[in-house]
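Visitor: I am new to this one. Please show it to me, and then I will ask.

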Amino acid sequence: MKITIFGTGYVGLVTGACLADVGHDVLCMDVDQNKIEKLRNGHIPIYEPGLENIVQHTVDAGRLAFTTNTEEAVKHSALQFIAVGTPPDEDGSADLQYVLAVAKSIGQYMEEYKVIVDKSTVPVGTGDKVKAAVQAQLDHRNLELDFDVVSNPEFLKEGAAINDFMKPDRIVVGTDSEKAADVLRVYYPFNRNHDRMIFMDIRSAELTKYAANSLLATKISFMNEIANLAERLGADIEAVRRGIGSDPRIGYHFIYPGCGYGGSCFPKDVQALARTARDCDYEARLLNAVEAVNYAQKHVLFDKVSHYFEGKLEGKVVALWGLAFKPNTDDMREASSRTLMEDLWKAGASVQAFDPEAMEETQRIYGDQAGLTLCGTKEQALKGADVLVICTEWKEFRSPDFAAVSAALKEPVVFDGRNLYEPEMLERHGLIYYAIGRGRNQFHSAG
């Protein structure tokens with residue numbers, strides 16, 4: 001089947017590549033000429049395990065192509081996916097300008113029945129706006145053409161997106177049209193073992209995406225709240241986590257305490273849903289609290305470092321392991337590392353940082369920022385540093401040479417924002433260990 005994808009960002013590129021991989025004829029459209037040229041030449045603008053191989057294979061097979069020509073994209077297929085960005089506006093609401101611009105373009109050029117799929121994360125009611133935008137263009141052209149608008153939210157985890165798309169735990173489709181539902185059977189190759197497709201009305205599908213991300217964010221903020229309490233009570237949050245996770249009603253997923261969540265989804269989706277609630281004259285107190293807890297949690301590592309040095313950070317050098325908001329991605333949107341670095345710079349400290357994948361992205365964001373040195377290895381980041389801070393739980397950080405870490409640092413101190421290690425192990429190597437919610441040694445100071 002012929003399929004068009006508007007947007008070659010994270011969602012659009014993964015969706016297009018995976019659909020092409022199972023045999024569909026996919027055309028991806030983007031207004032960014034430079035990005036399209038790079039994609040045509042085999043350069044993938046994001047890091048996602050497995051994506052580059054699929055893109056290269058499907059391009060070589062002639063099933064995946066890229067264009068900047070809007071008219072070509074609209075006329076390529078009857079199935080049109082909108083997968084463009086919905087960045088947060090100043091008031092926290094989702095900015096729909098790119099979604100509606102695509103809808104307008106489809107209305108300008110369509111000449112036959114279309115199924116228009118909102119793949120982007122959009123607020124409840126966006127389907128109505130997309131339909132109105134398309135219809136306005138058809139009216140302007142004095143055309144009477146049938147089309148359906150469908151909500152089909154994505155549930156891709158960065159770092160595991162290919163597996164999530166190929167082996168989904170659910171495929172949510174919001175539509176009241178049997179014809180559109182039949183077209184969406186393009187998902188059949190990913191749905192063979194048992195029916196994972198969940199059909200509902202459009203508004204419920206739109207809300208499902210926000211509700212899912214907000215619930216996961218709530219679990220994280222809850223655990224961070226309990227971790228902060230455990231620290232003050234002398235309890236160990238890792239023991240607490242195992243104790244509550246063993247309850248099947250709770251489970252172990254998303255109950256790992258840390259230095260705050262980030263990325264392209266959780267922060268903006270919690271904010272957008274809270275904004276939607278305000279627009280409905282409803283105060284979403286829990287969502288507001290989730291956001292407030294996360295905002296504060298991103299400053300916890302700085303507070304620990306500052307407390308250790310009794311607020312005297314001028315001239316201190318901090319080794320930082322991990323810049324991406326999570327492992328297996330180079331995405332630094334809303335990353336906790338950014339909050340930490342910016343706090344350290346304001347206090348007069350400098351940073352020597354390493355990340356397996358996010359070095360180029362860090363350079364793009366901060367350029368020649370004074371006080372930032374990007375290092376080629378995690379060991380290089382330690383040289384001449386006063387202390388070590390860990391922000392991202394990359395696998396290669398899980399079993400370092402602790403003796404070498406201790407020898408390289410001016411102060412044998414590790415601040416672990418992801419609770420990667422057992423305190424007793426670091427103590428055996430002469431390291432002072434600060435983690436999240438682990439009551440022992442949390443308030444030790446230098447000197």
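Visitor: Which residue in β8 is the bridge partner of isoleucine 171?

Guide: This is a predicted model, where local features need pLDDT of at least 70, side-chain atom pairs count only at pLDDT 80 or more, and totals for chains, interfaces and linings use all residues. Residues are numbered from 1 along each chain as its sequence is written, and side-chain values use heavy atoms, with hydrogens and water left out. Strands (E, at least two residues) and helices (H or I, at least four) are DSSP runs, numbered from the N terminus, and two strands pair if DSSP finds at least two bridges between them. Strand β7 (residues 171-174) pairs in the parallel sense with β8 (residues 197-200) over four bridges, and the β8 partner of isoleucine 171 is methionine 197.

Visitor: What is the hand of the β-α-β crossover from β7 to β8?

Guide: The chain leaves β7, passes through helix α8 (residues 178-183) and reaches β8. With the strands pointing away from the viewer, a clockwise path from the first strand over the helix to the second counts as right-handed. This crossover is right-handed.

Visitor: Which strands are the edges of the six-strand open sheet?

Guide: The order is β11-β10-β9-β12-β13-β14, with parallel pairing. An edge strand here pairs on one side only. The edges are β11 (372-374) and β14 (432-434).

Visitor: Which residue in β11 does glutamine 352 stand opposite?

Guide: Strand β10 (residues 350-354) runs parallel to β11, and three bridges join them. Opposite glutamine 352 stands threonine 373.

Visitor: How are the rings of tyrosine 261 and phenylalanine 266 arranged?

Guide: Rings of Phe, Tyr and Trp (its six-membered ring) pair if their centres lie within 6.5 Å; planes under 30 degrees apart are stacked, over 60 edge-to-face, the rest tilted. By this rule there are 14 aromatic pairs. In this one the centres are 5.9 Å apart and the planes at 80 degrees, so the pair is edge-to-face.

Visitor: Is tyrosine 308 buried or exposed?

Guide: Tyrosine 308 forms an edge-to-face pair with phenylalanine 309, 5.0 Å centre to centre and 85 degrees between the planes. Buried means under 20% relative accessible area, exposed over 50%, partly exposed in between (1.4 Å probe, protein chains only). At 2%, tyrosine 308 is buried.

Visitor: Which ring does the charged end of lysine 179 sit over?

Guide: A charge sits over a ring if NZ of Lys or CZ of Arg is within 6 Å of the ring centre and within 35 degrees of the ring normal. The charged end of lysine 179 is 3.7 Å from the centre of its ring, that of tyrosine 113.
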